[in-house]
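Subject: Structure for your files

Hello,

Here is the structure I said I would pass on. My notes on it follow below.

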Amino acid sequence: MDQHIRTSIQTNTFYYFMIVLAITTLAQLVTMVVIVFGDISGKEHLVAASVVGPALLGAFGVIRMLTNMKLIIGEMDADTLATNYGKEISAIPLNVLKFIFSGIFVALAIVQLITIY
């Protein structure tokens, strides 16, 4: 694969990751505001579903995108790895980050579910 195409795919995957992270975080924050300030009596299950859905989408989306990013980085040739870009991108601890970000989404969902019930 052409290195310019691979670099473009890596950059786009990172931006997709950031978009999913931002949208899921915003959904979690809106849900938390509804839980804290809204009258959810009788609607607990609906609010719980709105907590679990974005949490699972965020967690699995983050894991999938960072796994894709790791696979793409693993296919870089020696010339690209020797560049500053190659060194910087290959130094990112993607395995650790995917579990940290996923854990944050799951932990927030657990806190929100405890708050609901």
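Before the rest, the basis. This is a predicted model, in which local features need pLDDT of at least 70 and side-chain atom pairs count only at pLDDT 80 or more, while totals for chains, interfaces and linings use all residues. Residues are numbered from 1 along each chain as its sequence is written, and side-chain values use heavy atoms, with hydrogens and water left out.

Helix pairs

The crossing of helix 1 and helix 2 is left-handed, that is, the near helix is turned anticlockwise from the far one by less than a right angle. The contact of helix 1 with helix 2 has 17 nonpolar, seven polar and one charged residues. In this scheme Ala, Val, Leu, Ile, Met, Phe, Trp, Tyr, Cys and Pro are nonpolar, Asp, Glu, Lys and Arg are charged, and the others, Gly among them, are polar.

Helix 2 also packs with helix 5, at an angle of about 180° and with the axes 9 Å apart. Helix 2 is therefore roughly antiparallel to helix 5. The residues of that contact divide into 19 nonpolar, five polar and three charged.

Helix 1 and helix 5 pack at about 15°, with their axes 11 Å apart, which makes the two roughly parallel. Helix 1 passes helix 5 in a left-handed crossing. By class, the contact of helix 1 with helix 5 has nine nonpolar, six polar and no charged residues.

Single residues

Leu 108 of helix 5 is partly exposed, with a relative accessible area of 38%; buried means under 20%, exposed over 50% and partly exposed in between, with a 1.4 Å probe and protein chains only. Its C-alpha is 9.5 Å from that of Leu 29, 79 residues away in sequence.

Met 69, in helix 2, is buried at 5% relative accessibility. Leaving aside neighbours within four places in sequence, Met 69 is in contact with Gln 10, Thr 13, Phe 14, Ile 89 and Leu 94. The C-alpha atoms of Met 69 and Thr 11 are separated by 9.0 Å.

Ser 102 sits in helix 5 (residues 94-116) and is buried, at 6%. A polar atom of the Ser 102 side chain lies 3.2 Å from the backbone oxygen of Ala 59. Beyond four places in sequence, Ser 102 is in contact with Ala 59, Val 62 and Ile 63.

Thr 80 belongs to helix 3 (residues 78-82) and is buried, at 10%. The side chains of Thr 80 and Asp 77 are joined by a polar contact of 2.7 Å, meaning a pair of N or O atoms within 3.5 Å; within protein, one must be able to donate a hydrogen and the other to accept it, and residues adjacent in sequence count only if both atoms are side-chain atoms.

Regards

Note on methods:
Helices (H or I, at least four residues) and strands (E, at least two) are DSSP runs, numbered from the N terminus. Contact means heavy atoms within 4.5 Å. Axes are lines fitted to C-alpha atoms, for helices over the stretch in contact, and angles run from 0 to 180 degrees between N-to-C directions. Angles under 35 degrees count as roughly parallel, over 145 as roughly antiparallel, 65 to 115 as roughly perpendicular and the rest as oblique.
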